[in-house]
Amino acid sequence: MSLLRTTNLTKVYRTDTVETTALSDVNIDITLGEFVAIMGPSGCGKSTLLNILGLLDAPTSGSYFVNGEDVGRYNERKRAEVRKSTVGFVFQSFNLIDELTVAENIELPLIYTRMGKGERRERVQAAMERMNIAHRAGHFPQQLSGGQQQRVAIARAVVNSPKLILADEPTGNLDSAHGEEVMNLLTELNKAGTTIIIVTHSLRDAGHAQRTIKLLDGRVVERDVPAQALL
């Protein structure tokens, strides 16, 4: 079953004097439950594609379907509605709020829903236990190691039980041991049924995916590279 599909997806950034094509005629299809890595050199359009897939940005032309619904032309309000119910994000820089505790950071996505306080607490507790950070609930981000901070970020991404997790260089700020730990967590989430898409420069990280999509100059040059071919 297709979860995400793009057709001739193009993204152009324009200023008064310059026009830059970040993505050009991108056609991909990602099925429910897949683990896919997006690779390519810096500036090839990986993060732009991830932002559109995560409904943080809209394409200039072409179509983007989520669960068979063309969401590419949605306004920001409608994109936000789909985003809240479908997507969890994990970033290289963690994007945690220093003034909030671990539990409060994880709770943030739930505050923007109509969920009651009791259910929010239960979900936060379950997410912390799943990521083995419940003992850090009252700590602040600066009191944690990089690996622990990324565990908090993943807990925040899964607390609303999204169908899809988008991870942009999720191990980029971690040493190899903590990076492998984070990739193993993402692999476990995928085995439990969550669709995972990561943007990465790391062949080792991409090796956790079932297949790899390669971009070059805003275009897909390969879309079904099996993980074992990278290692």
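A crossing of two helices is called left-handed if the near helix is turned anticlockwise from the far one by less than a right angle, and right-handed if clockwise. By that convention, α5 passes α6 in a right-handed crossing.

Before going on, the basis. This is a predicted model, where local features need pLDDT of at least 70 and side-chain atom pairs count only at pLDDT 80 or more, while totals for chains, interfaces and linings use all residues. Residues are numbered from 1 along each chain as its sequence is written, and side-chain values use heavy atoms, with hydrogens and water left out.

Back to the helix pair. Helices (H or I, at least four residues) and strands (E, at least two) are DSSP runs, numbered from the N terminus. Helix α5 covers residues 146-158, and its axis comes within 10 Å of that of α6, crossing at roughly 20°. Axes here are lines fitted to C-alpha atoms, for helices over the stretch in contact, and angles run from 0 to 180 degrees between N-to-C directions. Therefore α5 is roughly parallel to α6; the term covers angles under 35 degrees. On the α5 side, Gly147, Gln150, Arg151, Ile154 and Val158 meet residues of α6, namely His178, Glu181, Val182, Leu185, Leu186 and Leu189. Contact means heavy atoms within 4.5 Å.

Next, two threonines. Thr187 sits in α6, residues 176-191. Is Thr187 buried or exposed? Thr187 is buried, at a relative accessible area of 16%; buried means under 20% and exposed over 50%, with partly exposed in between (1.4 Å probe, protein chains only). A polar atom of the Thr187 side chain is 2.9 Å from the backbone oxygen of Met183. Beyond four places in sequence, Thr187 touches Phe35 and His208.

Thr194 is in the loop between α6 and β9 (195-199). With a relative accessible area of 12%, Thr194 is buried too. Setting aside neighbours within four places, its contacts are Glu34, Pro162, Lys163, Leu164, Ile165 and Leu189. Leu189 is also among the α6 residues that meet α5.

Last, the strands. Two strands pair if DSSP finds at least two bridges between them. Strand β1 (residues 2-14) pairs with β5 (residues 61-66) in the antiparallel sense over five bridges. β5 also pairs with β6 (residues 69-70), again antiparallel, over two bridges. Which residues face Val66? Leu4 stands opposite Val66, and in β6 the bridge partner of Val66 is Glu69. β5 and β6 make a hairpin with two residues between them, and Asn67 in the turn has a positive phi of about 55°.

Technical notes:
Polar contact = N/O pair within 3.5 Å; in protein donor to acceptor, adjacent residues only side chain to side chain. Parallel < 35°, antiparallel > 145°, perpendicular 65-115°, else oblique.
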